[in-house]
Amino acid sequence: MKEISCKLLVIGAGPGGYVCAIRAGQLGIDTVIVEAGKLGGTCLNVGCIPSKALIHAAEEFEKVSHMAGGKSPLGISITAPALDLARTIAWKDGIASRLNSGVSGLLKKAKVKIVQGWATFRDGKTVEVETETGVQVIRAEMIVIATGSAPIELPFLPFGGPVISSTEALALNEVPKKLAVVGGGYIGLELGMAFAKMGAKVTVVEALPRVLAQYDAELTRPVVKRLAELGIEVMTGAKAKGLSTQGQAGKGDALLVETSDGKSTKVAADRILVTVGRKPVTEGWGLDQIDLDRTGKFIRIDDQCRTSMRGIFAIGDVTGEPMLAHRAMAQGEMVAEIVAGHKRSWDKRAIPAVCFTDPELLTAGLSPEEAKSQGEIKIGMFPFAANGRAMTKLGEDGFVRVVARADNHLVLGIQAVGQGVSELSAAFGLALEMGARLEDIAGTIHAHPTQGEGFQEAALKALGHALHI
């Protein structure tokens, strides 16, 4: 097979890789992108987009189920709904397919060559790709590693049979009657709540003293309340120990658990979803041929995403936390511009993070505890119970919280928990990136009636003159 030479080779077509390639193509850089799976990577195919589709379907099903029970305060009643999960999954797959095609079209529009196959380094300038038609050799002046991450497998609960990762959970054709979730982080709770809304009996097993431990307890309280409302059993301080083939009722499989008081018990489950984190994909592509420095299990990079080898960059999950698609995208865009000769470096003030539980969690910048370590602070919090729009949406649980320096009112961090607060992430990120002060947010007219008014009111509260509480 004829060898390909290019200026820039991108390995991995996830959010970081394809954005890097598109931007490079826009800048006139001769670019090749290699992908072994589908374009869009984990995010588009088995992560962000598919999970949000399933979560939305579950929310809709739960709403109409509530109405069928005659308990809706809206005065709407219907007959009992039914869920065809196979059809739901097909709809979800259709969205991913449309986005796959969109990424392909954008790459072609930017004149990026797409090579389908698994890439392996020969050296720092040459890669072999196993394609359907044989080995394709690609030589490049510069290479971007964007190989992403994969679910972590527990040695005593290997994936297979009833034990599934988030990838398999998003492709089930039937709702499990009993679902055990190992890991009470954001992935476990997002999917666990979705399946509970679709009718599964869900048990969450978390080794730490509380779920969503990366967030402060005040922020997660509405989520914990909602878990109870959905009938989800949460076992904290409990350790999954393995799989039993004898369930509590003598049928099916069960998860062996050591409870917080050291006792052994079994959690009956048709499926056991393991969500204990993700690991960088650093094996199988010839890392030993290019001796890159590591930071723990991740590839070490500098503020321009350069690795320890000249001409090789790394972006996205393979470079460490936070493993978020929008961080990878921003890194990809930056690296493309550096390759084009632009003066760029990573100087972002905040990377907003969203947890799509019910209600949703949103954080940007510093938490109150992190901010306190830098000096005296002011905190303003506004509850959605006093927000008209939240009332009309039956979403009064939650709040917006603003953290600012006490001396000059510079906003250091913003958090929210509530129905649909993910859509406030743009406002939060912009405020932090622009270096807003409390007076800037308080002095900005926010449309009424919206949940965004809670952001303005939280700033006013921190200034000591909230208007609606």
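**Entry 1: the second largest pocket**

I looked up the second largest pocket in this predicted model. I found 37 residues in its lining, and Glu62, Lys63, Arg226, Asp358 and Gln419 lie nearest the centre. The space inside comes to about 1200 Å³.

Next I asked which helix gives the largest share of the lining. H3 does, with 11 residues. I noted that H3, H6 and H7 each supply at least two lining residues.

**Entry 2: the nonpolar cores**

I turned to the largest nonpolar core, which has 34 residues. The members that touch the most others are Leu54, Phe195, Val202, Leu212, Ile232, Leu273 and Leu361. I listed the elements that give two or more residues to this core: helices H3 (48-68), H4 (85-109), H6 (186-197) and H7 (217-229), with strands S9 (178-182) and S10 (201-206). The largest share, 6 residues, comes from H6. Apart from this core I found another one of 29 residues, including Ala24, Leu39, Ala146 and Val335. I wrote down the general rule that nonpolar side chains in soluble globular proteins tend to be buried together.

I picked Ile232 and asked which residues it contacts beyond four places in sequence. They are Gly192, Met193, Ala196, Val202, Val204 and Leu227.

**Entry 3: helix H4**

I checked the length of H4 against its residue count. At 1.5 Å a residue, its 25 residues should span 36 Å, and the end C-alpha atoms are 36 Å apart, so the two values agree.

I looked for the buried residues of H4 and found Leu85, Thr88, Ile89, Lys92, Ala96, Asn100, Val103, Ser104 and Leu107. Their cover includes helices H1 (15-26) and H2 (41-46), strands S2 (31-35) and S3 (113-116), and also H3. After H4 comes Lys111, with a positive phi near 65°.

**Entry 4: helix H13**

Is H13 (residues 453-463) mostly covered or mostly open? I found it mostly covered, with 9 of its 11 residues buried. The buried ones are Glu453, Gly454, Phe455, Gln456, Glu457, Ala458, Ala459, Leu460 and Ala462.

I then asked what covers these buried residues of H13. The cover includes strands S22 (377-383), S23 (399-405) and S24 (411-418), together with helices H11 (425-433) and H12 (438-442). Last, I noted that Gly464 follows H13 and has a positive phi, near 95°.

Key. Residues numbered from 1 in each chain as written. Predicted model: local features only at pLDDT ≥ 70, side-chain atom pairs only at ≥ 80, totals over all residues. Heavy atoms only, no water. Core = buried A, V, L, I, M, F, W, Y, C linked by side-chain atoms within 4.5 Å. Buried < 20%, exposed > 50% of the residue type's maximum accessible area, 1.4 Å probe, protein only. Helix = DSSP H or I, 4+ residues; strand = E, 2+ residues; numbered from the N terminus. Contact = heavy atoms within 4.5 Å. 1 Å grid on protein atoms, 1.4 Å probe; cavity = no way out; pocket = protein on both sides within 12 Å on 5 of 7 lines; lining within 4 Å. Points joined across faces, edges and corners; volume = space filled by probe spheres on them. Expected span 1.5 Å × (residues − 1).
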